[in-house]
Amino acid sequence: MIAAGGRLPEAELLRIGAGGPETVRLSERLAGRKVVLFAVPGAFTPTCDSAHLPGFIRSAPALRARGVEEIICVSVNDAHVMRYWGDTTGATAAGITLLADADGAFARALGLTYDNPAAGMFGRSRRYAMVVEDGVVTAFELDPIGQCSLSTGEALLEKL
């Protein structure tokens, strides 16, 4: 499992650009930059939609004031869902980048997958947030399954 001090693995995530789906190489996005990266189990799911993402929208100006150059949200969803979720929640307007880990490869590489059969969710990402500087994790918060308290925008802000 990834931890503070570890280097993030290479990952190819997806987003919808002007011409359709685009691949985003995470290592290129992180190179030489201070970035907040957080993951949710699923776009439009109750806690992710009502608490986790909104906390980062509220915290975005304060995070940027502390030197964060980009805030990235990742979920095991497709790029179309992530684009629409960003548009409907105001996350895109707030400057948060939403990326799809469509097949869950990034979550697996981090050692952060879980299943919730009762909700029809398999191979989803655990809920976490991290500060990454030039590809190295400098702060990491992982919530217990079913909770959203340690990995919120407000909680991560206290780590900076």
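The secondary structure of the chain comprises five helices and nine strands, where helices (H or I, at least four residues) and strands (E, at least two) are DSSP runs numbered from the N terminus. The model is a predicted one, in which local features need pLDDT of at least 70 and side-chain atom pairs count only at pLDDT 80 or more, while totals for chains, interfaces and linings use all residues. Residues are numbered from 1 along each chain as its sequence is written, and side-chain values use heavy atoms, with hydrogens and water left out. Read along the sequence, the pattern is β-β-α-β-α-β-α-β-α-β-β-β-β-α. The radius of gyration of the chain is 14 Å, close to the 15 Å that the globule rule gives for 160 residues, so the chain is as compact as a globular protein of that length. Here the radius is taken over C-alpha atoms, and the globule rule is 2.2 Å times the number of residues to the power 0.38.

Along its principal axes, the C-alpha trace spans about 40 × 40 × 30 Å. The accessible surface comes to about 7,100 Å², with 51% of it belonging to carbon and sulfur atoms; accessible areas come from the Shrake-Rupley method with a 1.4 Å probe, and for residues only the protein chains shown count as cover. Of the 160 residues in the chain, 49% are buried, a class that means under 20% relative accessible area, with exposed set at over 50% and partly exposed in between (1.4 Å probe, protein chains only). Among contacts (heavy atoms within 4.5 Å) between residues at least 6 apart in sequence, 65% join residues at least 24 apart.

A hairpin of two residues joins strand 1 to strand 2, and P21 in strand 2 is the bridge partner of I16.

Turning to the interior, in soluble globular proteins nonpolar side chains tend to be buried together. A nonpolar core is defined as a set of buried Ala, Val, Leu, Ile, Met, Phe, Trp, Tyr and Cys residues joined through side-chain atoms within 4.5 Å. The largest such core has 24 residues, of which V36, F38, F56, I71, C73, W85 and I96 touch the most other members. At least two residues each are supplied to this core by strand 3 (34–40), helix 2 (46–65), strand 4 (70–75), helix 3 (79–89), strand 5 (96–100), strand 8 (128–133) and helix 5 (153–159). Helix 2 gives the most, with five residues. Another core, of 22 residues, lies apart from the largest one and has L30, F106, L112 and V132 among its members.

Leaving aside neighbours within four places in sequence, F56 is in contact with V36, F38, L63, I71, I96, A129, S151, T152, G153 and L156. F56 and R127 are 71 residues apart in sequence, and their C-alpha atoms are 13 Å apart in space.

With a salt bridge taken as a side-chain nitrogen of Lys or Arg within 4 Å of a carboxyl oxygen of Asp or Glu, the count comes to nine. In one of these, R29 and E70 meet at 2.6 Å, N to O. This pair links distant parts of the chain, with R29 in helix 1 (residues 26–30) and E70 in strand 4, 41 residues apart. E70 is buried, at 7% relative accessibility. A salt bridge of 3.8 Å, N to O, also joins the side chains of E69 and R33. E69 lies in the loop between helix 2 and strand 4 and R33 in the loop between helix 1 and strand 3, so the pair ties together parts that are 36 residues apart in sequence. Both count as partly exposed, E69 at 46% relative accessibility and R33 at 22%. R29, R33, E69 and E70 are linked in a network of salt bridges.

Notes. Pairing = 2+ DSSP bridges.
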